[in-house]
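Q: I would like to learn how to read the features of a model like this one. Please start with the terms and then go to the case at hand.

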Amino acid sequence: MSNKSKIRSQNTKNHNIQPVILGSQSCRKGMVLIFTLIMLAVLSALTINLSTKMNQEISLLQNSIDSLKASALAKGGINYGIAVLKNDEDLKIDGLGEDWAKQGELTFDDGIVKINIGDESGKINLNYLNARNERKTLRIEQMFELCDNIGLEYSIVPAIIDWIDADDEVTVLSSVTVGENKGAESDYYAELPLPYPCKNAPLDTVEEVMMIKGITKENYNGDTGLVNFITVFTNGKININTAGKEVLKSTIQACISSSGDKGTETVEIIDDAIITDIMEYRIGSPFYELSELKEFFPEDVVGKISGAGLFDVKSNIFTITAQTKVGKIEKKVIAIVERNQSDVKVKFWKEN
Ligand SMILES: [Ca+2]
Ligand SMILES: [Ca+2]
């Protein structure tokens, strides 16, 4: 072989090697690129995960701060309500035209607090259904009337009495002629799927009535539910200046029905129009005396209502509700307070 052809041969040989070297470098660069991309993807995923966790933690921290702020604002709202009650200008009467009955609103940098004050004496105190005096019949009648007005069975009345009274004798109310007239004691509650004893003591909270035979969540809650008409905190008297239509009608009807001899006397049935008239009258001119009812009833009926002793013109137990929202956190505080002259004490507190 000549030198020329040897060189050509070598060149050819070298020429054949070159693409192999170039291919290896390209493959290595590709590998580096893929590795880099994978690392970038992993780092991005880690960054996103870390960022999400940090956002969650920041959000949780913010909610905790907002929750504390909302609690403080709501408690401030209750204190505002207490101050309003202390400043009530007329302690002889409590009516819906007074300052305490108007909804208040406080505005802060962090949120708004809405304050509402209601009169517990506008409701029927169930614990007096077991009163050991002549008014017991009257109070039972008052509850029967309420049952009529809000569509509940009379049988809840003996059941409430049995829940409260200390004995284990089932109450039978002979005045109930439609539906069941018997109450329930521990024997009944022991047979429930989740048994519990009959309390045999006064109610401590209004919610407790849902444990009593015949009272369900459905007839407790809602616009016409029992919760709107009953209390466990008052002295048993109904404030004629603040009671709602159902309680007002039930109480007036009970006073008239219970005082007469039903065998010989026709009991006057109160219609809704008179109740509406009374409610309109009292806004501008609250009752200072029950004798003012002569605007609406004959003298003998006014005498029955006054003599029954179920009504008052003022109250000493109020419910203050304060609601607020800070960020996404909503708070509601309910305080039931007792006022004696200008001294106000909290008897019940609920926060949610
Ligand atoms: Ca007042
Ligand atoms: Ca009992």
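A: A residue is buried if 20 or more other C-beta atoms lie within 10 Å of its own, exposed if 12 or fewer, and partly exposed in between, with C-beta atoms placed from the backbone. Helices (H or I, at least four residues) and strands (E, at least two) are DSSP runs, numbered from the N terminus. This is a predicted model, in which local features need pLDDT of at least 70 and side-chain atom pairs count only at pLDDT 80 or more, while totals for chains, interfaces and linings use all residues. Residues are numbered from 1 along each chain as its sequence is written, and chains are lettered from A and ligands numbered from 1 in the order in which they are written.

Q: Which residues of α3 are buried?
A: I156, V157, P158, A159, I160, I161, D162, W163 and I164 are. Because nine of the nine residues of α3 (residues 156-164) are buried, the helix is largely enclosed by the rest of the structure. Its cover includes α2 (135-150).

Q: Leaving aside neighbours within four places in sequence, what is I320 in contact with?
A: Two residues are in contact if their C-beta atoms, placed from the backbone, lie within 7 Å. With those neighbours left aside, I320 contacts I78, G81, I82, I115, I117, A335 and V337.

Q: How many bridges join β8 to β9?
A: Two strands pair if DSSP finds at least two bridges between them. Strands β8 (residues 329-340) and β9 (residues 343-351) run antiparallel and are joined by eight bridges.

Q: Where is N200 found, and is N200 buried or partly exposed?
A: Most residues other than glycine have a negative phi, and most peptide bonds are trans. N200 has a positive phi of about 55 degrees although it is not a glycine. N200 sits in the loop between α4 (186-190) and α5 (217-220). It has 14 C-beta neighbours inside 10 Å, so N200 counts as partly exposed.
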